[in-house]
Amino acid sequence: MGLFNRKSDTDTVTVGPDLAHLTGDYTIDTTHSEIGFSVRHAMVTTVRGQFAEYDGKLHLDGSNPSASSAEVAIKVVSIDTNQEQRDGHLRTGDFFDAETHAEITFRSTSAEQVDEETYRLAGDLTIKGISKPVTIDFAFNGAAKDLYGNERVGFEGSTTINRADWGLTYNAALETGGVLIGEKIKLNFDISAVKVA
């Protein structure tokens, strides 16, 4: 059963009564979550990475999904593409300029239910001091109480952005044509969040 159920006779989106208990504030459990990205490299392959340090919070409203919200702050210095030299370059002014802009942030501005399984967040993504609107579709993976009695919810989502929109324009031409780094970046979110008591 999805988090959000659509009434068949109207355009109003409602939540089934058995899911109303999900309403509340949640903290992202970073030990069971992942914020990652992927980008084309040298026109022929894909480089994947993630951020190891971040924190975030969610507010879920089971009765009024549009009142839900999310905030995430990511430590740029924690970028990890499994290649130390590349990670060091990504922290420089050629890319994220971690010394000047220590965090990447996302703050939602609206929320809506798309279908029985999908929840859409729109918000402002800030990278290198530049804020641009993005939209992220999330699939609701379910809710459960863990072994320690914590109430958890899980979501998976993704969106694709153009890095140049945030001033990430560094590139290099290839001898065979094309460029070293693709402009489109896919952002992936695998989130486990714990309800605040």
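This is a predicted model: local features need pLDDT of at least 70, side-chain atom pairs count only at pLDDT 80 or more; totals for chains, interfaces and linings use all residues.

Colleague: What makes K75 and E103 a salt bridge?

Modeller: The cut-off is a Lys or Arg side-chain nitrogen within 4 Å of an Asp or Glu carboxyl oxygen. K75 and E103 meet at 3.0 Å, N to O, so the pair qualifies. The two residues sit in distant parts of the chain: K75 in strand β7 and E103 in strand β9, 28 residues apart. E103 is partly exposed, with a relative accessible area of 33%.

Colleague: Why is the contact of R120 with D137 called a salt bridge?

Modeller: The closest N and O atoms of R120 and D137 are 2.5 Å apart. The limit is 4 Å, so the label holds. This pair also links distant parts of the chain, R120 in strand β10 and D137 in strand β11, 17 residues apart. R120 has 28% relative accessibility, so it counts as partly exposed. D137, at 30%, is also partly exposed.

Colleague: How many salt bridges are there by this rule?

Modeller: The count comes to four. R152 forms one of them with D146, at 2.8 Å between the closest N and O atoms. D29, D146 and R152 are linked in a network of salt bridges.

Colleague: Why is S33 called buried?

Modeller: Its relative accessibility is 14%. Buried means under 20%, so S33 falls in that class. S33 lies in the loop between β3 and β4. Its side chain reaches the backbone nitrogen of S192 at 2.8 Å. Leaving out residues up to four places away in sequence, S33 touches I28, Y54, D190, I191 and S192.

Colleague: And S38, buried or exposed?

Modeller: Buried, because its relative accessible area is 13% and the limit is under 20%. S38 is in strand β4. Beyond neighbours within four places in sequence, its contacts include T46, R48, K184 and N188.

Colleague: What about phi of K128?

Modeller: That value is positive too, near 55 degrees, in a residue other than glycine. K128 is in the loop between β10 and β11. K128 counts as buried at 19%, because the cut-off is under 20%.

Colleague: What makes M43, V44 and V179 a nonpolar patch on the surface?

Modeller: Patch members need over 30% relative accessible area and no salt bridge, with nonpolar side chains joined within 5 Å. M43 has 48% relative accessibility and V179 has 33%, so these two pass the area test. M43, V44 and V179 together have about 280 Å² of accessible area.

Colleague: How do you know that M43 is in contact with V179?

Modeller: V179 is among the contacts of M43 beyond four places in sequence, along with L174, G177 and G178. Contact requires heavy atoms within 4.5 Å. M43 is in the loop between β4 and β5, whereas V179 is in the loop between β12 and β13.

Conventions
Residues are numbered from 1 along each chain as its sequence is written. Side-chain values use heavy atoms; hydrogens and water are left out. Helices (H or I, at least four residues) and strands (E, at least two) are DSSP runs, numbered from the N terminus. Buried means under 20% relative accessible area, exposed over 50%, partly exposed in between (1.4 Å probe, protein chains only). Patches are made of residues with over 30% relative accessible area and no salt bridge: like charges are joined within 9 Å, nonpolar side chains (Val, Leu, Ile, Met, Phe, Trp, Tyr) within 5 Å. Accessible areas come from the Shrake-Rupley method with a 1.4 Å probe; for residues, only the protein chains shown count as cover. A polar contact is a pair of N or O atoms within 3.5 Å; within protein, one must be able to donate a hydrogen and the other to accept it, and residues adjacent in sequence count only if both atoms are side-chain atoms.
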